[in-house]
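Here is a walk through one protein model, from a strand pair to a core and then to the loops. Keep the structure open as you read.

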Amino acid sequence: TARGTGQNPHCSASAQRLGPLGHWYLLAHPKDLSSGRAGGVGSSDFCNLFYSSADQVTVHFVNRDGERFTAIAKEGESLLEVVVNQNLAIDGFGACEGTLACSTCHLIFEKDTFQKLDAISDEELDMLDLAYGLTETSRLGCQVCIKKSMDGLTVRVPVDVSDIRRQMEVGKQSKQ
């Protein structure tokens, strides 16, 4: 499957089913059933595969103003993808869309959770150097992928942020 999406990247149709014990069932596209033909796995005749509830993880985000958002994430999704896919109101979050070219998806973890995260890359460390409000437990949301063991995770968005768009708005308002 495509990393973090739960979808087969070769599929264009839309069938979805999960069996009783968390096993995937692939369904042929209706046009294939009517023609008596069914493609194999990876064929464009098969569609998006969706995760079972067993693969869902509850994640809590605390926004800059203290507002708390709860989202249902899927294993393999990055925390940035969770914010974007759930359309959470976290202003300016993920400006580079997960390309590791900014630090706007900077999140602060609780110490015990932070210690259980996968190793941090040099590239992520370089971007964190640009983050405002950096802590010992800071990570970029685009680099942290959801695992089942993270169920109930709470992460905080730093209060301070470096966002040139906000500075430009303030400048426009002061000129008026």
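Two strands pair if DSSP finds at least two bridges between them. Helices (H or I, at least four residues) and strands (E, at least two) are DSSP runs, numbered from the N terminus. The model is predicted: local features need pLDDT of at least 70, side-chain atom pairs count only at pLDDT 80 or more, and totals for chains, interfaces and linings use all residues. Residues are numbered from 1 along each chain as its sequence is written, and side-chain values use heavy atoms, with hydrogens and water left out.

Start with the hairpin. Strand β1 (residues 56–62) pairs with β2 in the antiparallel sense, over seven bridges. Phe61 stands opposite Phe69 in β2. Five residues lie between the strands, and Gly66 in this hairpin takes a positive phi near 90°.

Now look at the faces of β2. In a regular strand the side chains alternate between the two faces of the sheet. Strand β2 spans residues 68–74. Phe69, Ala71 and Ala73 form its covered face. Arg68, Thr70, Ile72 and Lys74 form the uncovered one.

Next comes the core. A nonpolar core is a set of buried Ala, Val, Leu, Ile, Met, Phe, Trp, Tyr and Cys residues joined through side-chain atoms within 4.5 Å. Buried means under 20% relative accessible area, exposed over 50%, and partly exposed in between (1.4 Å probe, protein chains only). The largest nonpolar core has 28 residues. Val59, Phe61, Leu79, Ile90, Leu107, Phe109 and Ile146 touch the most other members. Two or more residues each come from β1, β2, α2, β3, α4 (122–128) and β5 (153–156). The largest share, four residues, is from α2.

Val59 shows how these parts meet. Contact means heavy atoms within 4.5 Å. Leaving aside neighbours within four places in sequence, Val59 contacts Phe69, Thr70, Ala71, Ala73, Leu79, Ile146 and Leu153.

Turn to the loops. Most residues other than glycine have a negative phi. Glu97 has a positive phi of about 60° although it is not a glycine. Glu97 sits in the loop between α2 (79–85) and β3 (106–109). Glu97 is exposed, with a relative accessible area of 69%. Leu100 is also found in the loop between α2 and β3, and its phi is positive, near 60°.

Where is Lys148 found? Lys148 lies in the loop between β4 (138–140) and β5. At 37% relative accessibility, Lys148 is partly exposed. Lys148 and Asp55 are 93 residues apart in sequence, and their C-alpha atoms are 6.8 Å apart in space.
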